[in-house]
Amino acid sequence: MAASTFMVGNGLRERYSREIKRLLKPGGVLFIFTGRSDGEYQKKLDISRRGVEDGTFYRSMDGTLEKGYTRSEIINLCSPLKPAVLESQSRYFRAFGHQELVRPEGFWFAVFMNEE
């Protein structure tokens with residue numbers, strides 16, 4: 001569900017979330033790795049990099065607008081799926097280019113279960 005990191009506007013994220021939940025079979029598992037909006041990394045961002053929507057910012061590496069989430073935003077977005085894991089992370093390795101990103105408390109790793 002990392003794609004939600006780059007979706008701006010609640011409507012788009014809510015549609016995406018509904019489709020994920022619709023497609024996830026009973027007993028299915030959803031893995032999420034996404035940005036965090038309330039960690040040390042976000043708190044230290046220069047005001048010029050912040051986006052208009054809460055939790056959004058422009059990445060320094062390429063200027064892409066990114067959405068970070070609070071714990072409650074992730075839980076609400078994935079409800080009624082049940083969180084099995086929801087923990088803060090500071091390191092991420094990009095899928096292409098093997099670049100390591102280090103953002104203190106800058107990411108969420110989560111596992112949600114479809115118990116229906």
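I count Lys and Arg as positive and Asp and Glu as negative, leaving out His and the chain ends. I place each charge at NZ of Lys, CZ of Arg, CG of Asp or CD of Glu.

**Basis.** I worked with a predicted model, in which local features need pLDDT of at least 70, side-chain atom pairs count only at pLDDT 80 or more, and totals for chains, interfaces and linings use all residues. Residues are numbered from 1 along each chain as its sequence is written, and side-chain values use heavy atoms, without hydrogens and water.

**Charges.** I found that the mean positions of the 18 positive and 15 negative charges of the protein chain lie 2 Å apart.

**Elements.** I looked up the helices (DSSP runs of H or I, at least four residues) and strands (runs of E, at least two), numbered from the N terminus. The protein chain has three helices and five strands, in the order α-β-α-β-β-α-β-β from the N terminus on.

A nonpolar core joins buried Ala, Val, Leu, Ile, Met, Phe, Trp, Tyr and Cys residues through side-chain atoms within 4.5 Å. The largest such core has 12 residues, including L24, I32, Y69, W108 and F112. β1 (29-35), α3 (71-78) and β5 (100-113) each supply at least two residues of this core.

Key: Buried < 20%, exposed > 50% of the residue type's maximum accessible area, 1.4 Å probe, protein only.
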